Amino acid sequence: GIPMEIIVGKMFKLEIWETLLSSMRAGEVAEFWCDAIHTGMYALVSRGMRRIAEGRDPLEGQKHRCGMGNMFDYHSTGYDDLDELQRTPQPLIFIMELFRVEEPSAYKRDTWAMSKEEKLAAVPVLHKEGNRLVLCKEFGQAAAKYQEAVICLRNLQAKEKPWEDGWLKLESLVTPLVLNYCQCQLELGEYYEVLEHTTELLQKHNDNAKAYFKRAKAHAAVWNEREAREDFLRVAHLDPSMAAAVKKELKQLGERMRKKHVEDRKRYQGLF
């Protein structure tokens, strides 16, 4: 349901498509018969397009190497019909509709399609836009901006050796974005998602007071009293400047739990 974009001259895997599209006019629908000599890469291209349509990264789970190299590693595209096409290459008929032709850089590219430089340039822009949306209390939209920035950085990180300088530099950019994302999810009431992301963050950075604080608030919201208290106390230990905020949160937690216990006793007192 989403039009595909091809940048002419950028060596798209299925080069014949550039030739076909370049022969068409905007608004035209055309059918092309292509010999097997031109369709050998179709299975790999189709796999990527199907993953995009499913909302997945087309490079998900792959090593940093060419598509054919990954085929040797995994022996399958993940789709039976495409695997059969790989085993028995054949001519294909393509029906194409050319929606429009645009000038270079006149459109917004998906994250996965960006170069390293484009991803790095996009991150501060997305971060700033997320902050602006938070000020407008548009937390869902802000979370999407932070998430997109994290995806850019994670894609770059996947090509670095873990815990070496390049990886650590990117991680330092990821952490505040994840925390901002978690704050938006707290505002939206998505507490279990906050627990998941803060726990993952703390597995790598167990001295991050802000991550403990957000996780504590999520624990408190889902009535995990012991876990919430433990995380709040860690915050006070790691960052004494947050002691006043921790004290306030612990007081509110105590009041909420006492109220809940009273309500539970009233609810269940007639059962026995």
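Select Glu171 and show its neighbours. Not counting residues up to four places away in sequence, Glu171 touches Arg154, Gln157, Leu201, Lys204 and His205. Touching, or contact, means heavy atoms within 4.5 Å.

A word on the source before you move on. This is a predicted model, in which local features need pLDDT of at least 70 and side-chain atom pairs count only at pLDDT 80 or more, while totals for chains, interfaces and linings use all residues. Residues are numbered from 1 along each chain as its sequence is written, and side-chain values use heavy atoms, with hydrogens and water left out.

Stay on Glu171. Is it buried or exposed? Glu171 is buried, with a relative accessible area of 1%. Buried means under 20% relative accessible area, exposed over 50%, and partly exposed in between (1.4 Å probe, protein chains only).

Now draw the polar contacts. A polar contact is a pair of N or O atoms within 3.5 Å; within protein, one must be able to donate a hydrogen and the other to accept it, and residues adjacent in sequence count only if both atoms are side-chain atoms. The side chain of Glu171 has one with the side chain of Gln157, at 2.7 Å. Another, of 3.5 Å, links the side chains of Glu171 and Lys204.

Colour by secondary structure next. Helices (H or I, at least four residues) and strands (E, at least two) are DSSP runs, numbered from the N terminus. Glu171 sits in helix α7. Select all of α7: it has 24 residues and reaches 35 Å from its first C-alpha to its last, close to the 34 Å expected at 1.5 Å a residue. That expected span is 1.5 Å times one less than the number of residues. Step just past α7 to Gly189, which takes a positive phi of about 80°.

Jump to His205. You will find it in the loop between α8 (191–204) and α9. His205 is buried too, with a relative accessible area of 17%. Leaving aside neighbours within four places in sequence, His205 is in contact with Glu171 and Thr175.

Next stop: the second largest pocket. On a 1 Å grid over the protein atoms alone, a pocket is an open set of points where a 1.4 Å probe fits, with protein on both sides within 12 Å along at least five of seven lines; lining residues have an atom within 4 Å of a point. Select its lining, which includes Gln147, Arg154, Tyr181, His197 and Lys204. The elements giving two or more residues to this lining are α6 (139–157), α7 (165–188) and α8. Which element gives the most? It is α6, with 5 residues.

Last, select helix α10, residues 225–238. Its buried residues are Ala228, Asp231, Phe232 and Val235. Look down the axis of α10: the buried residues fall within an arc of 100°, so they line one face of the helix. The arc is that of the directions from the helix axis to the C-beta atoms. These buried residues pack against α9 (209–221) and α11 (243–268).

Zoom out to finish. The protein chain has 11 helices and 2 strands. Buried residues make up 35% of its 272 residues.
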